[in-house]
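Please open the model in the viewer and keep the selection tool at hand. The tour begins with a pocket and then turns to aromatic rings.

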Amino acid sequence: MSSKQLKYDIAYLRMAREWGKLSHCERKQVGAIIVKDKMIISDGYNGTPTGFENVCEDDNGITKWYVLHAEANAILKVASSTQSCHGATLYITLSPCKDCSKLVHQAGIKRVVYTNSYKDLAGVEFLAKAGVEIVHLEDIDL
């Protein structure tokens with residue numbers, strides 16, 4: 001990876017981190033940015049669906065089943081636009097879970113750059129097997 005690409009990757013990850021701060025979730029705030037042809041085409045953060053109260057956890061601190069992950073929100077936002085994710089890069093602060101990795105692959109995203117690892121790396125392994133380039137940038141100053 002070139003130093004110029006690394007600079008862009010870090011900058012987009014910083015933006016994803018800032019976007020994640022908009023989440024109302026208490027356990028984890030995750031942000032995602034989708035970039036295609038050097039332009040941001042979508043963004044998202046984890047949270048409840050439109051029309052639901054912005055409370056992500058139940059009284060026991062367990063995440064509610066209907067909370068959408070950041071990358072799912074970003075992909076769904078593209079789906080309601082005239083853009084396409086085909087060939088895009090997903091920048092995300094937490095690696096995709098198994099369910100979201102299927103969405104990432106089906107959306108045509110070809111590269112995923114992330115900082116923190118989800119508790120289960122099956123999603124990342126699936127994406128790598130599907131030919132998606134995976135870049136894990138840990139221990140960087142965001």
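The largest pocket holds about 550 Å³ of space. On a 1 Å grid over the protein atoms alone, a pocket is an open set of points where a 1.4 Å probe fits, with protein on both sides within 12 Å along at least five of seven lines; lining residues have an atom within 4 Å of a point. The volume is the space filled by probe spheres set on the points.

This is a predicted model, in which local features need pLDDT of at least 70 and side-chain atom pairs count only at pLDDT 80 or more, while totals for chains, interfaces and linings use all residues. Residues are numbered from 1 along each chain as its sequence is written, and side-chain values use heavy atoms, with hydrogens and water left out.

Select Arg27, Thr63, Val67, His69 and Tyr118, which lie nearest the centre of the largest pocket among its 25 lining residues. Next, colour helix H2 (70-79), strand E3 (89-94) and helix H3 (98-106), the elements that give two or more residues to this lining. H2 gives the most, with three residues.

Now turn to the aromatic rings, where five pairs are counted; rings of Phe, Tyr and Trp (its six-membered ring) pair if their centres lie within 6.5 Å, and planes under 30 degrees apart count as stacked, over 60 as edge-to-face and the rest as tilted. Select Tyr12 and Tyr91, a tilted pair at 5.0 Å centre to centre with 35° between the planes. Tyr12 belongs to helix H1 (residues 3-20) and Tyr91 to strand E3, 79 residues apart.

Conventions: Helices (H or I, at least four residues) and strands (E, at least two) are DSSP runs, numbered from the N terminus.
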